[in-house]
Amino acid sequence: MDIGDDGALLTIGAFAARARLSAKALRLYDRLGLLAPAHIDEASGYRYYRAGQVERARLVAMLRQLDMPLARIAELVETADGPASGALLAAYWGDAEARFAAQRTLAAYLRARLSGRSSEMYEKFEVRLADVPEQVIVTETRHTLADELPLWIPASLGRLEEAAGECGGVVGAPYVVYYSAVSMESDGPVESCVPVADESGARAWAAAAQGRGRQFQVRVEPARRLAYTRITKAQVAHPQILAPYEAVEAWMKREGWDYDGPCREIYFADWDAAGAEDPVCDVAFPVKRG
C-alpha cells in the first residue's frame with residue numbers, strides 16, 4: 001500500500017493536515033456517515049483517506065458551521081458536483097434566515113418585556129368586547145407543533161369550509177381555538193372551527209366523515225363574550241403575535257375580567273387577497289366577570 005502520493009492513501013494525520021481538520025473531527029464525520037475512510041487496516045485499525053476526499057471533508061466542515069442538519073449535509077455532499085447542490089444550500093439558508101429573523105423579533109420583544117416596557121407594547125393594541133351568539137360549528141382537531149401551524153390552519157379551515165356546503169353554508173368567521181400552548185415543545189391540541197347554518201346536516205356530515213383519519217366533530221358553541229384585539233396579516237406571524245395575546249390578557253386583568261374558555265384566533269378576511277398591513281384576524285379570549 002502506497003502512502004503519501006496525491007493519488008494514493010494518506011494516514012488520518014496526513015489527511016487531517018491537508019484538509020485543515022482534526023483527526024477527532026474526521027472520526028466524527030465517519031461516525032455520522034458523512035465522510036468514511038477509503039480504507040481501514042483490519043490488523044491495526046488505522047484509517048486511511050484518499051487525497052481526493054479533501055474537498056468533501058472541507059465542505060462538510062463548512063456546512064456544519066452553518067448549523068445544517070446532518071441529513072441535509074449528507075444530501076448536499078452527495079450532489080456537490082451537480083447543479084442541484086447550490087439549490088439545496090439556497091433552500092436551507094432561506095429557511096435559516098427566516099428563522100433568524102423570527103428569533104431577532106422575539107429577542108426584541110423579550111428585551112422590551114425584561115426592561116419593563118411591556119405597557120408601551122400593549123398600548124399599540126385596542127382591546128374591545130364583543131358578544132357572539134350561540135353557534136353550530138364543524139371542527140377539526142389536531143395535536144401540532146408551531147412549525148406545522150402555517151400549513152395546517154389554512155388546510156383544515158379549507159376542508160371545513162368545503163364541508164359547510166353540506167351543512168347549510170358558512171354563517172360566521174372561521175376561527176382556531178388553542179386548548180394548550182403550541183410551540184416547538186408543546187403540541188396543543190388546536191381546533192379549527194367553522195360556524196354553519198344546519199345542525200342536522202352538520203351531524204350527518206360528521207357521521208359520514210368518520211374513519212377518514214381526521215378528528216372531525218360537530219357541536220353547539222354557547223354564546224360567549226369575547227375580549228379581542230384586531231391585528232394585521234404581518235402581526236399574525238410568530239413571534240409578533242405574542243404581543244397582542246398578552247395585550248388582551250393585560251387589559252382583562254386591568255378591567256376585572258376572568259377567562260371563560262380557551263383563547264382563539266378569528267380569521268374574518270380573505271387571507272390570500274390581504275396585504276401585510278391589512279387587518280385579517282382577531283386575537284380573542286372568552287371572558288366573564290370576576
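## Helix 10 and the residue after it

Gly256, which follows directly after helix 10, takes a positive phi of about 85°; helices here are DSSP runs of H or I with at least four residues, strands are runs of E with at least two, and both are numbered from the N terminus. This is a predicted model, in which local features need pLDDT of at least 70 and side-chain atom pairs count only at pLDDT 80 or more, while totals for chains, interfaces and linings use all residues. Residues are numbered from 1 along each chain as its sequence is written, and side-chain values use heavy atoms, with hydrogens and water left out.

Helix 10 itself covers residues 242–255, and its 14 residues reach 20 Å from the first C-alpha to the last, close to the 20 Å expected at 1.5 Å a residue, where the expected span is 1.5 Å times one less than the number of residues. Among its buried residues are Tyr245, Trp251 and Met252; buried means under 20% relative accessible area, exposed means over 50%, and partly exposed lies in between, with a 1.4 Å probe and protein chains only.

## Aromatic pairs

A search of the whole structure finds six aromatic pairs, a pair being two rings of Phe, Tyr or Trp (its six-membered ring) whose centres lie within 6.5 Å, with planes under 30 degrees apart called stacked, over 60 edge-to-face and the rest tilted. Phe15 and Tyr49 form a stacked pair, at 4.5 Å centre to centre and with 10° between the planes. Because Phe15 lies in helix 1 (residues 12–19) and Tyr49 in strand 3 (residues 47–50), the pair ties together parts that are 34 residues apart in sequence. Phe15 counts as buried at 0% relative accessibility, and Tyr49 likewise counts as buried at 0%.

Tyr92 and Trp93 form a tilted pair, with 6.4 Å between centres and 50° between planes; Tyr92 is buried at 3% relative accessibility, whereas Trp93 is partly exposed at 30%. Ring pairs also link Tyr245, Tyr259 and Phe285 into a cluster.

## Charges over rings

Arg230 lies over the face of Phe268, at 4.1 Å from the ring centre, and Arg289 lies over the face of Trp257, at 3.8 Å from the ring centre. A charge sits over a ring if NZ of Lys or CZ of Arg is within 6 Å of the ring centre and within 35 degrees of the ring normal.

## Cysteines

The structure holds zero disulfides, a disulfide being a pair of cysteine sulfur atoms within 2.5 Å. For Cys167, the nearest cysteine sulfur, that of Cys193, is 13 Å away, and Cys167 is buried at 0% relative accessibility.
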